[in-house]
Amino acid sequence: MDPVFFYTFAVLAVISAVLVVWNPLARNTVTNAMFLVVTMLSISGLFVLLQAFFMAAVQVIVYAGAVMVLFLFVIMLLDIQAEKKRRLRLGGLISGISLSVATVLIFRNALFAEGGADETTGSMVFEGSTSALGKQLFTQYLLPFEIISVLLLVAMLGVILLSKKELK
Amino acid sequence: MTLQDILIATAKIVAFVGLVLPMIAYSVVAERRISAAIQDRIGPNRVGPFGLLQPLADGLKFLLKEDFTPNYVRKAYFWMAPALTMIPSFVVFAVIPFGSSLFGEKMVIADLNVGILFTFAIVSLSVYGIVLAGYASNSKYPFLGGIRSSAQMISYEIAMGMSVIPVFMLTSDPQFYATGLSEAWTTFLAGTADLNLSRIIAYQSGSLFDWMIFKQPLAFLIFLVAAFAETNRLPFDLPESETELVAGYHTEYSSMKFALFFLGEYAAMIAASALMVVLFLGGWTLPFWGLDEPASNLFTGLLHIAIFIGKLGIFMVFFIWIRWTLPRFRYDQLMNLGWKRFLPLALANIIVTAVWLWFRS
Amino acid sequence: MAETTTKDSSQAVQPQVEMVRIKINGMEVEVPKTQPDPITGKPVPTTMIQACAMHGVDVPHYCYHPKLPVAGNCRMCLVEFGMPAVDRNRQPVLNDDGSPKINKMPRPAIACATAIAPNMEIYADSDGSKEMRKAVLEFLLINHPLDCPICDQAGECKLQEYSYEYGQAESRFVEAKVHKPKQVDLGPRIMLDDERCILCSRCIRFTRDIAGDDALGFFNRGSYNTLGAYPGKSFDNNYTLNTVDICPVGALTSKDFRFRMRAWFLKETDSVCNSCGTGCNTIVSSREEVIYRQEPRENDAVNSSWMCDHGRLNYKWQASDTRLDAVSARRGDVREVIDWPRVVDELSGKLQSFAPGEVAFIASGQMTTEEIFLFRRLAEKFGGLRESFPNVGEGDHLLVSADKDPNTNGLFITGFTPAGEQGRNFQSIQDGIRNGSIKALFVIREDLIARGMDAGLLEDLQLLVVSDIHRTPTTDAAHYILPGCAHFEKRGTFINVKGRLQKFMKAVEGPGASRPEWEFLHELVHQTTGQNGFSTIEGLFNQMAGEIPALAGVTWASIGDTGRSVELPGA
Amino acid sequence: MIVERKELSFLEKTYLPGIAQGIKITARHFFDTVSGRKKVTMQYPEEKWTVPEGYRGAPYLVKDQEGRTKCVSCQLCEFICPPKAIKITPPGPEVRDELGGVEKGPEDFEINMLRCIFCGLCQEVCPEEAIFLMKDYSLTGQSREEMIYHKDKLLELGGVHNDTIMKWKKKDEEARQQASFH
Amino acid sequence: MPEEYRLILKHADEDGYTPDIDCYMRHGGYETLKKALAIQPVEMDGKQVTPQEQIREEVKKSGLRGRGGAGFSCGLKWSFVDRRSGKPIYLICNADESEPGTFKDRQIIHKDPHQLIEGMIISSFANDVHLAYIYIRGEFPEGARILNKALAEAREKNFLGKNILGSGFDLEIYVHRGAGAYICGEETGLIESLEGKRPYPRIKPPYFPAVLGLYMCPTIVNNVETLCHVKHVMNLGAAEYSKLGTPNNTGTRIVCISGHVKKPGYYEIQVGHATIGQLINDFAGGLHDGRKLKAIIPGGSSAKVFKAGEKFKIRKKDAEGNDVEVEMDLLDIPYDFDTLMAAGSMSGSGAIIVMDDSTDIVEALGNISDFYAHESCGQCTPCREGSLWMSKALNRLNSGGGRQQDADYLLKIADNIPGGRTICAFGEACSWPVQSFVRKFKDEFEAKGAAAEKSREESAPQPVPAK
Amino acid sequence: MEISLNHYLVLSSILFVIGLCGVVIRRNLLINFMCLELMLNAANLALVAVSHFRNSGDGQIMVFFIITVAAAEVAVGLAMIVALYRRRQDVYTDRLNSLKL
Amino acid sequence: MTGKIFNYEDKRREGNHRMAQMEDQQDFVVPSGLESEIDELITHYPEKRSASLMVLHALQEKFGYLSKQAIEWTAAKLDLEPVNIFELVTFYPMFRNYKVGTTVIRVCRTLSCALGGSHKLHGHLCSKLGLDPGEKGPQNTPDGKFTIEFAECLAACGTPPVMMCNDDFYDNVSNQEADKIIGKYRK
């Protein structure tokens, strides 16, 4: 079953990712966001395939359920109209393509180099058990966890400050 | 996964949907009758004995009404939105244990280890239906409804999630598993992990005061209120408030599409009630007559399902009752309540529980 | 105010006036040192209130009126002000930074009568000024009956407006009010309520200094002062209703408008009076397609702020029973009501069946310039005789012109009838009908029988097309009746006796099937000549302006609200 | 007017007692109805509903103690009326004696009861206190025309309003004390 | 005790002195005129100084101040006259003596009319006036007759008419009678009245009489007493005249004392040489027996009232010319222009009204207020409405309808009228008494209001005045 | 065919490149931002896959942190976009070309 | 001095409200002597209008009051509108557009005289003539011989109370003296 699901999710993810970036049918930012949701959900599905149930759930809750809703909220709040058809910037296009090619080259080296990551079977020892994850998080990674929490606090303060009517 | 698994799962799904759909239908009737009684009226009593066939008539009406799509709506989203509203409510049921076991099968469609996370993941998706309905209608009231609901849902999801953490902190208590469980339960729970919902029921079996509602009353309260907010029920029905937004996000909908919203809302209510039953009211157990053990025969199995439905009914009635009792919140009050009251309270609850557990160990 | 006068010609003639720098509410501005006197036109020092008005600062006032001599009695426009300080040797005292030192004057001044001086500072919005306004308003209101619900002025009453803006909410007055006569019948058109009168004397000054009929006065003394006319003498000149306009409160009311409609319901439309060649600018107030009143609109180049009573009340015919409201064709003895497309079809066909010169065209000075222009085109196409009649009556020294048609110059300027040739072709047309050389007649807004044509002569015609707005003996004889629109019911332009081109707007809908003349004339021209015209009044006007040398360069938009002067042929 | 709000106690701030009280009330109604203790129907029209204080029924015109129409045709109600249900025909310029010292009264006063939304703005805006929302709620008629109430009908339904202002009387007396003009 | 110094009224009360011209000429009348007409042009600083300019200079130097009410320098007033416009200049003698408490002009006109006429002729000569009017109150029909007769006599003797005394100077003087309007005492109101219109005072600016007066021509308006003084200035010479009185308050003036004194009447004193106390107690014989002083109005009813026993801190120049502050009792205040001004009131038309302790001060103010409400011309808003309002409020207070807050109520009304908010000084005239009476006798006003409130309460249910 | 780690890594890099292209090419700030999220997700996918195949929890923990950071970033970023929009009524990068906003 | 010295029941102003009631004087004829006198008066002024007060004085002296005809005659004489003259007549309290008795008694009511007892004098005169002492406006005796009214200051404040009978002035009027004066005019 796995390959079927993998390819289904992978194709779905790639297609909708492309549609996020460039959608020939609709020039509507909401559509872009909705396809990003589909990508997120596909990735979540892939997480399930990878036995990372907790991550899958968090992926859905945080990305699909919160982040993207926030995006939608902002899009609707700012009343962003459908984009006009605009000519692509030549410079942007060139730099985009060259950057992509460069990245692909870099990755190619990493992926297909000798002794690359070609494991096929992960053992089931670390089977994504939530409690195991939690233990590791709160012991080995406690410091980063706390730092992250501070980061969240800072972000929260920043957002409150930013969204005040008058920046003085 | 074997074919048999699939067949069993399908059977469960069919059975469950067969159970839930009439429940939805009759909760609508119940809502109408109860509201009528509260307002000194009679309510629908013409179709069938005591108006019991009313849902049939309603359904027929929905099916036969003209499905009107206004001009200038964003068609794709307009069609998608009702479905997106209904689907998550139904999907949540997948992880809810609505009975102990029948014929040796656990009465839960998918006995996930991350059951509660699953429900939250799904619930968090249910906002899309409403937001997209608001966006797709291309009309100001639905739009406002959509905006309101997205903010409201994100806000209360957090409080809701936080409120159940202490519950799981308690159920994950190693001491409990070391001593407290009977053999029947141990076998029943075999292969499940911490966040599995059946474990919660197991934890609550025993005496009445093992129920989470008594152990975590604050968590229950927050969860209850958040459930009201998540299902857009009064007093938190700001996305659809008739008086200001003319029914909000589904203003422009009619016929079956409207019915889907309706179904979605009631399904969500039932799902929320079911969750509360599982999390706080001991699920399908009762603390006497040995009903707090997984069923060993068909009769108890069925009885457990009946108990579950009974408990669920209490919450449904409560949902309905509250609707006709409390006035609608103002938007800022709603946000204040979510962010400034419930979130700190839930956090405090976590800390208190943690401290208590730490002292006990 | 003064700056609303037309910018184009009148400004250029005036000699350059010295500018004075003053400060109004702390804002430094430049104002001309002198202003023309409203009555004599001689330059007199600019007053504070004029300076403030030029820079958009509204100083509340009751007795002051820009077109009347200054009385200075209401004390509403009292303002605090400052003057540059001078030392013993009359030399200006300077601040440390070299600017002149300004001393705030201990006593306020009335802005309407105090001339500006260099470096003066006017504190029109200071607390002190506002306090004085409040006090004056209180004094004005203590004996005011406060019967706004009854008063016709409510909604456009200065006392209400300023009370709202500057007054206090509560009355301290606990004594009995002074009661004065109410519902005093001053004259045939004016009703006076003395209790409402705030004794600003605007009306007295207007009748004395502008209308030249010293009919109004104050009687008694002190708080018992009462406005009135001499007992037994009626206040009845041709300009009485202007006193109603300038009355800041509801003391003087127009009997015509009294208790007929509240001001706030009325829709105001810019229009032009059609009663004589002066072409006073007016505001037509209507509600739900009913005209309730006509008031003058300020235009210094034409009528200042005034208007004669006759012209003002000359709107009732618009809603009269004799208005034509159906297109009809006479077939034998039967009159058949038909619709516009059909009548245009039939007419263009019939007109084209005549040989050149067999159709005569009679226009009127009541038509708009655009209509005359189109009518001339039609006439040129059929090469027939053209005629219009002079309409002469009595004029006066102020506004009433002897020419009773609003657009005689339109006839001249479009070349429909050359200047001085009105009425000359009438005899030839009659002769032509008699001897059969004229077989058809197209008449607009003219009653030929009243002009002396024999009714039997009209019977001889093969085709008589009459467009009018009222039923007349001529329309009765017509083969085709085309109901036209009054100028209240359409847009267009008039050119007054002094050659001022002015446009008017549509206030109400015409009755029934009536239609602006230019619309069906345009269709007729289109069908008979094949020329394409414009189907909007703007386009039509601009096209006409392109063809008539006197209007060269004028566009509909550039006419403006107050019109513009055009060169008259032969002038 | 400033209403002093009393400080809530902690318990009150949780709103739980309030909610419980609300539930109690609705529960009482529920059980009363379900148990049949309370009759749900009323034998209308024999039996009539007692209209509560402050009920906003149909607007009618009132007269003062001397039988004069209080309305002076200021048309503010016509202006404010949200559904444009009021239409007043002003009296025109003629001085009328039949008004009894009132300078101006309506020639006709129409309220289209089919349009009226019983909002009470006309009553609130009336400077003469001449129009009041009465307690009538069952307005019936067989045609649309019948539901347009005219001046006479409105005055008859409104009756005499016993206020203490007596504006016209006071005006008369004051004027008579100082001098007579009539 | 200072003596009376009679200059104007020198012969007035003499036995056998009659108002006819012969009697006047016997007492040296018209000599000054002859002297003035005979003045020759002189050369000064290389400029030709005409006789007219010399007279004007003389009047200016004498420091003569107007005796009508404002105390404005007469010479200065004359210097403002627009002499370049080419329009005729008019002189008007303001004999519209209406300020309650004042009765000096009546004496002058009745007893010595030629003195006025001579003063007018000199003033007219000095100002190139060829047409002058005496605006006399309508209530003085006798005075008008006397003046007309005197004018006829003067005309006969060629003191008036064409080519007066061969000097080539033409002058005609006419009597114009008013008809009972206080406001005609205001110079622009007087001018309007003389033009045959309602005497509405004119707005100043732009209508200053010295520039745009009678018939829009330059006009001089002077009080009767002032014009009489002109004669004496010319008679005595400026230097001699200015020795009378005190510096800056030169000459003599007629003080009219009325009210609760034993010998009310007019007394001519050198300005500033007698104190108020001396005037009341010594000249007027003091108060009636057993009565105590309560209040004094020092300059006609429009002046601010003084309360008995008031003390004032007054800045004045001492002998070395330094500013010093002196504390003075009310009765020690010298009766001149400046000190009274410094004490917060004014000498006005020179009329002292004395009120003893039998006076109900509220009723007295009611009386004054009634007067002003009746006399307000009604042209400009604050005075027209305010004067009647105050009068109505006081009438209500006096007839038992008062309220305790009426004192403040009155003050609030009165404070909104003066201070340049009205066209003429009548606004001040009607509000000053109210302001000063209420401020200084507030307790009496409040007591009256409170008593009325109390009695109303007791006799309830009488309606309280509607609020 | 078995799905190997490489499959996931290839998929992840494809998604990453798509996201990168989007950031570079698109000029709508919101879309740029979404593409950033896409890139983060691609990275997450790689990490989870590695974690799965290498049999350790570290990758998932990393993902957990990334998700947290991403959430914070989105909140701040969107707030900034909203603030920017309030000032400029615009979300297009090429038009936001003055340093002083 | 006892009791109230002022009387505030002021209805004096009622006279002011008689503006619309103009006396008609059908037999109004200006004698030629008076007319020439008036013509002479007019020459005193550069502008005719100025003479209006003097003309009105002259007419009132002759007729006792100013009727409608008098006002219109004056206006015509001075080339004015009647309203201009009527404005003056209603402004000046000395002009009367209503009929009065042959003797008009005017008692000063202003402060000095009020302090000196003018209200007492007025009351005495009224009761003597059978009129209402509380009334302050003009009152005519039924026989038409006397009119009594209050006036504002007569400028003889030093000798209160004062009064005028027609053009004659009396000061320091005691009650006895008042009786004598009335007697004198009754003849």
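Predicted model: local features only at pLDDT ≥ 70, side-chain atom pairs only at ≥ 80, totals over all residues.
How much area is buried between chain C and chain G, and what percentage of it do carbon and sulfur atoms give?

1. **Extent of the C–G interface.** About 1,600 Å² is buried between chain C and chain G, and carbon and sulfur atoms give 60% of that area. On the side of chain C, Asn220(C), Arg221(C) and Tyr230(C) supply 42% of the area buried against chain G, more than any other three residues. The contact involves 16 residues from chain C and 18 residues from chain G.

2. **Elements and composition on the chain C side.** Two strands of chain C, β11 (216-219) and β12 (226-229), each supply at least two residues of the side that touches chain G. The largest share, 4 residues, comes from β11(C). By residue class, the side of chain C that touches chain G divides into 8 nonpolar, 5 polar and 3 charged residues.

3. **Val174(C).** This residue is found in the loop of chain C between α4 (158-166) and β9 (184-185). Val174(C) counts as buried because its relative accessibility is 13%, under the 20% cut-off. Between Val174(C) and His479(C) there are 305 residues in sequence and 74 Å in space, C-alpha to C-alpha.

4. **Thr408(C).** Helix α10 of chain C (residues 408-413) contains Thr408(C). With a relative accessibility of 9%, Thr408(C) also counts as buried. Apart from neighbours within four places in sequence, Thr408(C) is in contact with Gly365(C), Asp403(C) and Gln422(C).

5. **Nonpolar cores.** In soluble globular proteins, nonpolar side chains tend to be buried together. The largest nonpolar core has 194 residues, of which Leu116(E), Ile121(E), Ile173(E), Phe437(E), Phe445(E), Leu59(G) and Tyr92(G) touch the most other members. For Ile173(E), the contacts beyond four places in sequence include Ile117(E), Met120(E), Ile121(E), Ala132(E) and Ile134(E), as well as Leu151(E), Arg155(E) and Leu160(E). A second, separate core of 183 residues includes Ala33(A), Phe71(A), Leu117(B) and Ala271(B).

Terms used: Residues numbered from 1 in each chain as written. Chains lettered and ligands numbered in written order. Heavy atoms only, no water. Buried < 20%, exposed > 50% of the residue type's maximum accessible area, 1.4 Å probe, protein only. Contact = heavy atoms within 4.5 Å. Buried area = accessible area lost by both parts, 1.4 Å probe. Nonpolar A, V, L, I, M, F, W, Y, C, P; charged D, E, K, R; others polar. Core = buried A, V, L, I, M, F, W, Y, C linked by side-chain atoms within 4.5 Å.
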